Amino acid sequence: MAAVLTPPVPSPAAEPAAVSRSRWAGWRGRWPLLPLIATVLLPALPYGNSGGGGPADVASGIAVLVCVGRLLYLRRRPLSAPAALVLGLPAVGFAVATVTAADPAAALPGLVRYLQVFVLVPAAVFLLLRDAYGFRIVAGSLVLLALVQGVTGVHQYVTGTGASYMGEDIRAVGTFGPSDVMGMATVVAYGLLAAAACALRTPRSAPAWLRPCAAVLAVALIVPLTLSFSRGVWIATAAAVIVALALTGRRQALTSLAVLGAAGVVLVGGFGIGSAMIADRAASVTQVTSTPDRSVSDRYAMWSAAGAMWREQPAAGVGLKGFPDHRDGHASIGLSSGSDTAGAGQEFRRQALLSPHNMYLLVLGEQGLIGLTALVGSWAAILVGAIRRLVLARSRGHAAVDCGLAAVALMTWQSVNFLYADIGGPTTVLGGVVLGLAAWWALAEPERVSAA
């Protein structure tokens, strides 16, 4: 009788070790994501400088170097032709604006900053993300940062230790201080959108608790976002949420809107969280053409100045970092010298108005039609490509639809928010991370995106 050979049964004690080695091997392959995670989390550290050169900028530089080192070591093709064109196109406008500036040497710091935020960091994110799991890790870091800043902001409002707003130190600014009142609102909006995307389309392999947890986080982050009193961020977040819901299907969109409406009524109406001031701030959005406040008047004056710079130099603008030097020569007499900031541990100080608080007009004034066409063309290609791939992924039952929703929502938010804000402050580099996430979803090879 022939003997039947059967494979040996592994001992129970050996299985956990094998699983542990497998998981360790997986995480060991993810180490290039560490600089990206650091880039996302480090803006939470206050370092007393609203410009560049902070810890997050250093981490982003390390991420770029890691990306270059991996490309050289693995001898891989850096980018596909479409991705290289879309991600590299803004560099054309930056270079032209630098060369044609009245003082090219003075424009060089602007060239470095713009290349970092809009070309190098997005390209590094694009290349360091191997699959949807890596995307989720970076998006999860955005949620963690938003949670920390949101809790800090709510504490500031409750204890009266925030930035000054209408004579009271109640404005939630997180660890960014009154000199960067948009910082906390920006990171909270990023985290809210990432959490909402996960709640709307939770990954199939995720544990059962992830979806309700993500939904609770998304709703909870509405509170610090509201207490930031940042009208532009409110508008951008509402637009991004509406776009994301529209791409999930009518039934789920209506259900989600009902939940969000109920949450808003409970948080603001039921608990009275800043209801009077929030109502006044929201109403001021529709009053900007009749009785605008000083901040709106100054913004209009700076928008007009940026338009005047463009009309003077329509092709290439006045040069990178040229807005502050040309502002007074093009602004109306009604422009104030600066805005008042105080609170959150900072004494009263006058902060100069050095940008138009509109990214599109800033680019138009400093880089002209060449720069605006290159930059907006790149962003439009990323957004359209992200929406297109998301629609296809939904129709085919793709496993990484949550990544697509997050990418589209974040890119929509960035596009709308730039109507009311421009680059500046420690959260600037996060804009590059967001662009990289959206570009990865829109332009990466199908096999990388489908590896969920």
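This is a predicted model: local features need pLDDT of at least 70, side-chain atom pairs count only at pLDDT 80 or more; totals for chains, interfaces and linings use all residues.

Modeller: Residues are numbered from 1 along each chain as its sequence is written, and side-chain values use heavy atoms, with hydrogens and water left out.

Biologist: How many helices and strands does the chain have?

Modeller: It has 18 helices and four strands. Both are DSSP runs, numbered from the N terminus: helices are H or I with at least four residues, strands are E with at least two.

Biologist: What share of the residues counts as buried?

Modeller: Of the 452 residues, 49% do. Buried means under 20% relative accessible area, exposed means over 50%, and partly exposed lies in between (1.4 Å probe, protein chains only).

Biologist: What share of the contacts joins residues at least 24 apart?

Modeller: The share is 77%, among contacts between residues at least 6 apart in sequence. A contact means heavy atoms within 4.5 Å.

Biologist: How do you know that the span of helix H17 agrees with its length?

Modeller: The expected span is 1.5 Å times one less than the number of residues. Helix H17 (residues 428-443) has 16 residues, so it should span 22 Å; its end C-alpha atoms are 23 Å apart, which agrees. As for cover, 16 of the 16 residues of H17 are buried.

Biologist: Which residues form the nonpolar patch on the surface?

Modeller: They are Leu85, Leu89, Val92 and Ile370, with about 320 Å² of accessible area together. Patch residues have over 30% relative accessible area and no salt bridge; nonpolar side chains (Val, Leu, Ile, Met, Phe, Trp, Tyr) are joined within 5 Å, like charges within 9 Å. Areas come from the Shrake-Rupley method with a 1.4 Å probe, and for residues only the protein chains shown count as cover. Helix H4 (residues 81-99) gives the most to the patch, with three residues.

Biologist: Why is leucine 89 called partly exposed?

Modeller: Leucine 89 has 30% relative accessibility, so it falls in the partly exposed class. Leucine 89 lies in helix H4.

Biologist: What makes leucine 369 partly exposed?

Modeller: Its relative accessibility is 42%, so the label is partly exposed. Leucine 369 lies in helix H15. Leaving out residues up to four places away in sequence, leucine 369 touches Trp310, Pro314, Ala315 and Leu364. The C-alpha atoms of leucine 369 and glycine 93 are 8.7 Å apart, though 276 residues separate the two along the chain.

Biologist: How many aromatic pairs are there?

Modeller: A search of the whole structure finds 11.

Biologist: Why is the pair of tryptophan 379 and phenylalanine 418 called stacked?

Modeller: The ring centres are 5.3 Å apart and the planes stand at 25°, so the pair is stacked. Rings of Phe, Tyr and Trp (its six-membered ring) pair if their centres lie within 6.5 Å; planes under 30 degrees apart count as stacked, over 60 as edge-to-face and the rest as tilted. Tryptophan 379 and phenylalanine 418 are both buried. Ring pairs link Phe94, Tyr114, Phe118, Tyr360, Trp379 and Phe418 into a cluster.

Biologist: How many salt bridges does the structure hold?

Modeller: Three. A salt bridge is a side-chain nitrogen of Lys or Arg within 4 Å of a carboxyl oxygen of Asp or Glu.

Biologist: What makes aspartate 131 and arginine 30 a salt bridge?

Modeller: Their closest N and O atoms are 2.7 Å apart, and the cut-off is 4 Å. Aspartate 131 has a relative accessible area of 11%, so it is buried. Arginine 30, at 13% relative accessibility, counts as buried too.

Biologist: What N to O distance is found for arginine 113 and aspartate 57?

Modeller: That salt bridge has 2.6 Å from N to O. The pair links distant parts of the chain, with arginine 113 in helix H5 and aspartate 57 in helix H3 (residues 55-74), 56 residues apart.

Biologist: How far apart are the closest N and O atoms of aspartate 402 and arginine 136?

Modeller: They are 2.8 Å apart, in a salt bridge. Aspartate 402 lies in helix H16 and arginine 136 in helix H6, so the pair ties together parts 266 residues apart in sequence. Both aspartate 402 and arginine 136 are buried.
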